[in-house]
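Where does this chain hold its charged side chains, and which parts of the sequence do they join? Please look over the model below before reading on.

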Amino acid sequence: MSNNPEKKGVSAIDFFCIGFGAIVGVGWAVSINGWMSSCGGPVPAAIGYLVALIMMVPIALCYCELVPMLPVAGGGMAFAFRAFNDKVAVLSGWAAFGAFVSIIPWEAIQITDVLGYLIPGLKSGEPLYTVAGSGIYLTTIVIGVVFSLLLFALNMRGLAAAAFVQKILCFVLVGAAVIGAVASLIGGDSSNWQPIYDVTNPAIYGDAAEGYKSVSHNSMFGGILAILASAPFFLAGFETIPQGVEDAGGDISSVGKTVVLSVSLACIFYAVLLFCFGYAWPWQEFAQPTAVGGVMTNPAAATMLRMLYGGGAGEALYWLITIGSIAGLFTTWNGFFMASANLLMGMSRGRLMPKVFARQNKNGIPVPGLVVCLVLSLIGPFLGAGLILDITSFSAAAFVLSWMLTSFSLIALRKKEPSLERPYRIPGGLAMGWFAAIVSAVVFVLLFVPGNPVYMGALAIKMFIGWLVIGLVLYLVSGGQRKGMSQEELKHGVFAVLDEK
């Protein structure tokens with residue numbers, strides 16, 4: 001598999017589009033003004049993403065070495081299994097699975113929200129009910145259900161079909177964002193970045209007498225670090241690449257390199273757009289919540305450009321950015337739909353989860369896993385947007401835990417199996433692995449510590465703990481399937497596909 005360039009399968013370019021498209025979804029168009037407010041301005045937010053690049057590249061490099069070395073579904077779970085044991089593997093895999101599947105209903109919520117802004121009639125009349133202050137309407141439920149079924153049907157055709165659609169959508173997404181950035185630079189002014197850092201605007205942060213409780217920082221350095229509370233969520237997606245690696249064609253080492261390329265370009269992509277959109281319009285007005293009189297209704301970037309240019313040009317830019325944001329929404333939704341099913345299949349092969357999820361149809365498609373993804377996607381439209389922030393924070397913590405364990409897996413495998421064939425060896429070797437492990441461990445701890453800029457909040461912590469409890473229960477339920485099996489036999493279930501190639 002790894003040295004057969006004639007093998008037909010999903011190409012490195014396809015994998016890049018899967019990874020980059022899964023990372024860069026709709027956030028750049030609908031959440032970017034929120035990033036500005038949470039960090040105290042577009043400049044600290046943009047610098048924050050460049051700082052995140054320093055954290056993310058070493059983590060991505062760990063995947064870059066491990067993916068071509070162990071090209072099986074499961075990603076970090078499989079690496080942890082090989083490096084340690086089933087207990088560490090299930091912790092890594094279940095954390096990653098929670099992060100993956102939380103994004104699926106998130107996207108189902110976002111599509112109804114974005115279309116609701118474009119077609120106001122979708123949310124007319126009284127809502128059926130409310131969840132966390134967000135109204136749920138019959139029309140938005142129907143839209144979310146229909147698109148969930150379409151994505152399920154697409155992934156039932158296999159990774160190659162999903163990757164082809166991903167590539168088209170990825171080009172639309174990037175093209176729209178580039179045009180939006182250029183338009184922002186042409187029509188904007190550097191004075192719009194001012195003040196460079198500020199968390200005292202009552203329209204955004206509340207009354208000064210309350211001590212600006214909506215943010216947990218009071219310096220630009222704190223604002224830069226604040227992006228790390230949500231950056232793991234908005235930079236997650238490169239892990240979708242390892243989940244589909246069994247369908248790779250050509251040189252397998254190039255697939256690993258797409259992991260680093262996708263996350264690096266995503267960090268730069270976000271930073272550039274923050275600088276550009278902050279340049280286009282006074283950022284404090286751009287960041288002002290619509291709930292308290294702000295005019296930048298979602299998609300915020302599209303609305304800002306329509307106001308900046310006005311007339312036909314503004315309307316054209318509005319629709320272009322909106323179409324790009326919808327394309328990005330589907331690239332993320334599609335990428336994690338595929339990856340979640342393959343990750344669940346990988347865990348089930350090692351009997352970490354009930355073995356029914358290890359089943360594939362005659363075309364190698366993990367149907368039971370896709371059905372789980374469909375069910376979770378269908379839940380999204382019934383929940384609404386009120387829980388999005390907490391889902392984002394929960395997912396970020398789950399991703400960081402999985403990244404940390406993957407980094408430690410690289411370190412352990414370098415020592416435990418030094419002779420294992422490594423088509424690609426990361427620069428810096430063990431030092432780079434230790435850097436990735438320590439940085440991700442520090443960020444993970446800070447997510448749970450109140451009062452610091454990275455703190456994820458009490459509800460997100462409860463969601464995270466609850467998810468781990470669910471995973472523990474499923475792991476114990478499948479214990480009968482592991483009874484009498486040694487660690488080597490369990491590992492063989494995960495890695496048997498390598499022996500077949």
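The model is a predicted one. The count of salt bridges comes to eight. One of them pairs Arg422 with Glu65, with the closest N and O atoms 3.2 Å apart. Arg422 is in the loop between helix 18 and helix 19 (429–446) and Glu65 is in helix 4 (residues 42–69), so that distant parts of the chain, 357 residues apart, are linked. Glu65, Arg414 and Arg422 are linked in a network of salt bridges.

Arg82 forms a salt bridge with Glu417, the closest N and O atoms being 2.8 Å apart. This pair joins helix 5 (residues 76–83), which holds Arg82, to the loop between helix 18 and helix 19, which holds Glu417, 335 residues apart. Arg82 and Glu417 are buried.

In a further salt bridge, the closest N and O atoms of Asp86 and Arg482 are 4.0 Å apart. Asp86 lies in helix 6 (residues 86–118) and Arg482 in helix 21 (residues 479–482), so the pair ties together parts 396 residues apart in sequence. Asp86 is buried at 4%, and Arg482 at 11%.

Thr406 is placed in helix 18 (residues 388–416) and is buried, at 0% relative accessibility. Its side chain makes a polar contact with the side chain of Tyr63 (3.2 Å). Beyond its neighbours within four places in sequence, Thr406 also contacts residues including Leu66, Gly76 and Phe79.

In helix 3 (residues 32–39), six of eight residues are buried, among them Trp35 and Met36. Just after helix 3, Gly40 has a positive phi of about 85 degrees.

Technical notes:
Residues numbered from 1 in each chain as written. Predicted model: local features only at pLDDT ≥ 70, side-chain atom pairs only at ≥ 80, totals over all residues. Heavy atoms only, no water. Buried < 20%, exposed > 50% of the residue type's maximum accessible area, 1.4 Å probe, protein only. Helix = DSSP H or I, 4+ residues; strand = E, 2+ residues; numbered from the N terminus. Polar contact = N/O pair within 3.5 Å; in protein donor to acceptor, adjacent residues only side chain to side chain. Contact = heavy atoms within 4.5 Å. Salt bridge = Lys/Arg side-chain N within 4 Å of Asp/Glu carboxyl O.
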